[in-house]
Amino acid sequence: MDEAVLEETRLDDSKKYDIVVKMLEDRGVTLKEIAELTLFLQKDYVPELSIKTCIEHVERVVMKREVQNAILTGLELDILTEKGHISEPLRSMLMDDWGLYGIDEVLALAIVNVYGSIGFTNFGYVDKLKPGIIKKLDDAGKSKDVCNTFLDDIVGAIAAAAASSIAHRYA
Ligand code: MG
């Protein structure tokens, strides 16, 4: 990227939106799969809720600058880890998705934070239950050349934030 493009991208959140959506897709996650988690979280509370509405709320979450920055940072760390560009001892902790590392969850909280306290409960629930795409990412991350350490938490956090956005709307 040349300087002018870089400057424009840094400032323009709509351009960053396209970049982070593509980045998620390249890592094996579509916004629809995230929306399916959101539907799973909210369907008991909002019976008329459709996947279309969930996708709209997921899109709204991903438009937020703080969310985009968390996605850019977390996914970059996963990718650099896979490429072997991270020093030890961090590399092994990330590659093995070491349970006591904890910073993957902390980064994801920046996403959940955007919609307040319901988001925290939803995020904890998704993290524990590992439904749908989260389980898929978690299993894929067990392979010795794949690092999904940040990705699974980021996906769970976006779904949880979208669920909170829906809860605020229908409450
Ligand atoms: Mg993780």
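**Chat: the magnesium site and helix α8**

Biologist: What coordinates the magnesium ion?
Modeller: In this predicted model, the magnesium ion is held by Asp-104 (OD), Thr-149 (O), Asp-152 (OD) and Asp-153 (OD), at 2.1 to 2.6 Å.

Biologist: And what spacing do the donors follow along the chain?
Modeller: The spacing for the magnesium donors reads D-x44-T-x2-D-D. Distant parts of the chain get linked here: Asp-104 sits in helix α7 and Asp-152 in helix α10, 48 residues apart.

Biologist: Is Asp-104 buried or exposed?
Modeller: Asp-104 is buried, because its relative accessible area is 3%, under the 20% cut-off.

Biologist: What about Asp-152, buried or exposed?
Modeller: Asp-152 is buried too, with a relative accessible area of 7%.

Biologist: Switching to α8. How far apart are its end C-alpha atoms?
Modeller: They are 19 Å apart. Helix α8 covers residues 117-129, and at 1.5 Å a residue its 13 residues should span 18 Å, so the two agree.

Biologist: Which residues of α8 are buried?
Modeller: Gly-119, Asn-122, Phe-123 and Val-126. Looking down the axis of α8, the buried residues fall within an arc of 105°, so they line one face of the helix.

Biologist: Why would residues three or four places apart point the same way?
Modeller: Because an α-helix has 3.6 residues a turn.

Biologist: OK, what covers the buried residues of α8?
Modeller: The cover includes α3 (31-42), α7 (103-112), α9 (132-140) and α10 (149-170).

Biologist: And which residues are exposed on the other side of α8?
Modeller: Ser-117, Thr-121 and Lys-128 are exposed there.

Biologist: What happens just after α8?
Modeller: Lys-130 takes a positive phi of about 50°.

Methods
Residues are numbered from 1 along each chain as its sequence is written. This is a predicted model: local features need pLDDT of at least 70, side-chain atom pairs count only at pLDDT 80 or more; totals for chains, interfaces and linings use all residues. Side-chain values use heavy atoms; hydrogens and water are left out. Helices (H or I, at least four residues) and strands (E, at least two) are DSSP runs, numbered from the N terminus. The expected span of a helix is 1.5 Å times one less than its number of residues. Buried means under 20% relative accessible area, exposed over 50%, partly exposed in between (1.4 Å probe, protein chains only). The arc is that of the directions from the helix axis to the C-beta atoms. Contact means heavy atoms within 4.5 Å. Donors are N, O and S atoms within 2.8 Å of the metal (3.2 Å for Na, K and Ca); water is not among the atoms, so sites may look incomplete.
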